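Student: Please take me through the terms used for this model, and set each value against its rule.
Tutor: Ask about one term at a time.

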Amino acid sequence: MDQFTINLLFVGASFALYIGIAIWARAGSTSEFYAAGRGVHPVTNGMATAADWMSAASFISMAGLIAFTGYDNSTFLMGWTGGYVLLALLLAPYLRKFGKYTVSEFIGDRFYSQTARVVAVICLIVASVTYVIGQMTGVGVAFGRFLEVSNTSGLLIGACVVFAYAVFGGMKGVTYTQVAQYCVLITAYTIPAIFISLQLTGTPIPALGLFGDTASGEPLLTKLDAIVTELGFNEYTAHHSNTLNMVLFTLSLMIGTAGLPHVIMRFFTVPKVSDARWSAGWTLVFIALLYLTAPAVGAMARLNITDMMWPNGGIDGGAVSVEEIDTDPRYDWMKTWQKTGLLDWEDKNGDGKIQYYNDKSEAMTAIAEEKGWVGNELTKFNRDILVLANPEIANLPGWVIGLVAAGGLAAALSTAAGLLLAISSAVSHDLVKGAINPNISEKGELLAARIAMAVAIVVATYLGLNPPGFAAQTVALAFGLAAASIFPALMMGIFSTRINNTGAVAGMLAGLVVTLVYIFLHKGWLFIPGTNSFTDADPLLGPIKSTSFGAIGAMINFATAYVVAGMTKETPQEIKDLVESVRIPRGAGAAQNK
């Protein structure tokens with residue numbers, strides 16, 4: 001059986017399962033569409049939240065970015081994991097206790113303002129649509145490879161699949177679909193990692209293999225450092241980027257995580273407040289299985305790729321020949337990925353070999369001139385393909401490759417569905433029912449939600465054709481927007497009675513607008529290529545890249561809210577009482593006095 005057929009069997013079987021679950025658990029009421037009827041068990045919710053959380057950025061893109069940068073991109077791991085701890089401890093239980101369906105509804109009621117609710121909807125849509133662009137980018141990469149079509153065709157096919165099960169299932173359908181998707185994606189991620197770890201280090205646990213020894217007795221990371229530095233790249237395990245930008249980027253990811261509406265919505269689906277805490281704990285367990293493996297996947301893949309491009313022992317041994325790539329079955333993966341447009345090479349100097357090295361390195365310039373090289377000949381290697389190509393690079397069995405195909409699609413589609421639910425809920429429940437037509441029927445509200453979801457899919461698919469970066473980089477922009485707009489409003493709404501409606505609205509608008517403008521200046525207005533004035537290689541504000549600006553946007557949000565609140569009317573007493581009742585359990589004061 002050829003690889004294409006195996007891929008179709010694995011992907012087809014997984015999608016039949018997802019769509020079957022969506023039909024079985026389809027939403028028949030607004031309660032089931034928005035919050036799954038508030039009847040989801042904490043373990044089930046933890047697994048579904050983990051799938052919702054571990055998107056294309058985590059499964060497909062993160063290890064690729066770590067592989068080609070090394071230590072500096074460990075910020076993705078630190079920021080995303082730390083942010084979830086913030087969300088679980090500081091926000092989730094209190095928001096569940098408040099008892100609403102959506103984040104925007106909480107903000108509207110807490111800040112006793114229809115305007116605050118509408119502004120929150122706008123912030124949510126901007127952040128979520130940006131996030132969906134990253135997911136659709138991953139969908140295009142995965143479908144393009146495993147259906148052996150172009151990246152564009154893969155993206156369009158994936159958009160249709162997302163529409164099929166997200167629009168009709170609602171939160172109830174998506175919850176149980178995401179449980180199945182978690183099982184698929186975590187299996188697909190860990191099995192190849194175990195195989196590769198055994199191949200390189202003899203250790204079946206990838207996280208331990210990362211710090212283990214290779215067959216030659218040399219530590220894996222020491223060997224990797226030696227190889228990449230020989231080719232003119234930065235040392236893999238060393239810190240090379242600007243520390244201020246690294247700190248701001250990590251902070252932006254952390255507080256952006258705690259402000260992500262599609263993750264917060266999952267805590268509205270459990271029966272009790274205590275269940276929200278338990279499901280948060282289970283989610284961390286399920287997330288840890290992938291996040292402890294990702295650094296090993298990145299390092300081992302980088303070592304394998306470098307060995308394949310220099311199969312004769314580094315620069316002195318000579319690069320892989322064009323003939324080998326064309327005839328040796330070990331290099332079939334390169335020709336397959338070339339069809340997607342995400343991988344390419346060129347024999348620039350006509351010597352019959354493909355030299356892969358850092359042609360921007362001053363140290364390599366003299367070596368290249370001496371050997372007659374005219375530039376890096378691995379001309380394109382999209383970071384988003386690494387995890388999906390990893391089993392092929394390591395020459396693993398065909399069924400493992402098919403399993404990874406299903407896992408990559410599960411990761412991208414599960415998060416895309418969660419984000420689309422957040423967008424549709426914000427539009428139908430908070431905008432249409434909450435602000436435009438309070439008397440709309442339940443049937444009409446569900447219709448509005450599904451129309452909003454369909455429009456969001458179309459927009460995200462269009463923008464996904466020309467994304468502003470790799471999947472994880474695009475997602476980082478969304479985290480920055482959530483950090484600058486939603487997170488401060490939630491924190492102040494729960495922990496401060498001083499912030500009134502005017503302060504909250506001013507803070508959200510200030511944080512969103514300033515951050516959005518900074519991103520557009522670097523990534524192009526509305527992410528249209530060629531309309532940017534700066535780049536992340538040469539940012540507007542010193543070392544601060546567009547992906548790191550969310551932390552500064554959050555500071556602007558907090559400062560604006562407190563200044564404006566101090567200059568306007570005090571928060572009404574009934575709202576202060578509401579905040580106290582949400583934050584402090586009833587009877588706590590009496591218990592302390594005994």
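Student: What volume does the largest cavity have?
Tutor: The largest cavity has a volume of about 60 Å³. This is a predicted model, in which local features need pLDDT of at least 70 and side-chain atom pairs count only at pLDDT 80 or more, while totals for chains, interfaces and linings use all residues. Residues are numbered from 1 along each chain as its sequence is written, and side-chain values use heavy atoms, with hydrogens and water left out.

Student: What makes a space a cavity?
Tutor: On a 1 Å grid over the protein atoms alone, a cavity is a set of points where a 1.4 Å probe fits but cannot get out. Grid points are joined across faces, edges and corners, and the volume is the space filled by probe spheres set on the points. A search of the whole structure finds two cavities of 30 Å³ or more.

Student: Which residues line the largest cavity?
Tutor: Lining residues have an atom within 4 Å of a point. For the largest cavity these are A188, Y189, P192, A193, V297, V387, N390 and V404. Helices α8 (151-201) and α18 are the elements that give two or more residues to this lining, and α8 has the largest share, four residues. Helices are DSSP runs of H or I with at least four residues, numbered from the N terminus.

Student: How does the lining of the largest cavity divide by class?
Tutor: It has seven nonpolar residues, one polar and no charged. Ala, Val, Leu, Ile, Met, Phe, Trp, Tyr, Cys and Pro count as nonpolar, Asp, Glu, Lys and Arg as charged, and the others, Gly among them, as polar.

Student: What is known of the second largest cavity?
Tutor: Its volume is about 40 Å³. The lining is F98, F106, R110, G493, I494, L578, V579 and V582, and the largest share, three residues, comes from α24. By class, six are nonpolar, one is polar and one is charged.

Student: Why is helix α18 called largely enclosed?
Tutor: Buried means under 20% relative accessible area, exposed over 50%, and partly exposed in between (1.4 Å probe, protein chains only). Eight of the eight residues of α18 (residues 386-393) are buried, so the helix is largely enclosed by the rest of the structure. Just after α18, N395 takes a positive phi of about 60 degrees.

Student: Is C160 exposed or buried?
Tutor: C160 has 54% relative accessibility, so it counts as exposed. C183, at 38%, counts as partly exposed.

Student: How many disulfides does the structure hold?
Tutor: It holds zero disulfides. The rule asks for a pair of cysteine sulfur atoms within 2.5 Å.

Student: What makes F195 and W399 an edge-to-face pair?
Tutor: Rings of Phe, Tyr and Trp (its six-membered ring) pair if their centres lie within 6.5 Å; planes under 30 degrees apart count as stacked, over 60 as edge-to-face and the rest as tilted. By this rule the count comes to 16 aromatic pairs. F195 and W399 lie 6.4 Å centre to centre with 70 degrees between the planes, which is edge-to-face. The pair links distant parts of the chain, with F195 in α8 and W399 in α19 (residues 398-436), 204 residues apart. F195 is partly exposed at 31%, and W399 is partly exposed at 41%.

Student: How do you know that R383 lies over the face of F68?
Tutor: A charge sits over a ring if NZ of Lys or CZ of Arg is within 6 Å of the ring centre and within 35 degrees of the ring normal. R383 lies over the face of F68 at 4.2 Å from the ring centre. R302 lies over the face of F233, at 5.1 Å from the ring centre.

Note on methods
On a 1 Å grid over the protein atoms alone, a cavity is a set of points where a 1.4 Å probe fits but cannot get out, and a pocket is an open set with protein on both sides within 12 Å along at least five of seven lines; lining residues have an atom within 4 Å of a point.
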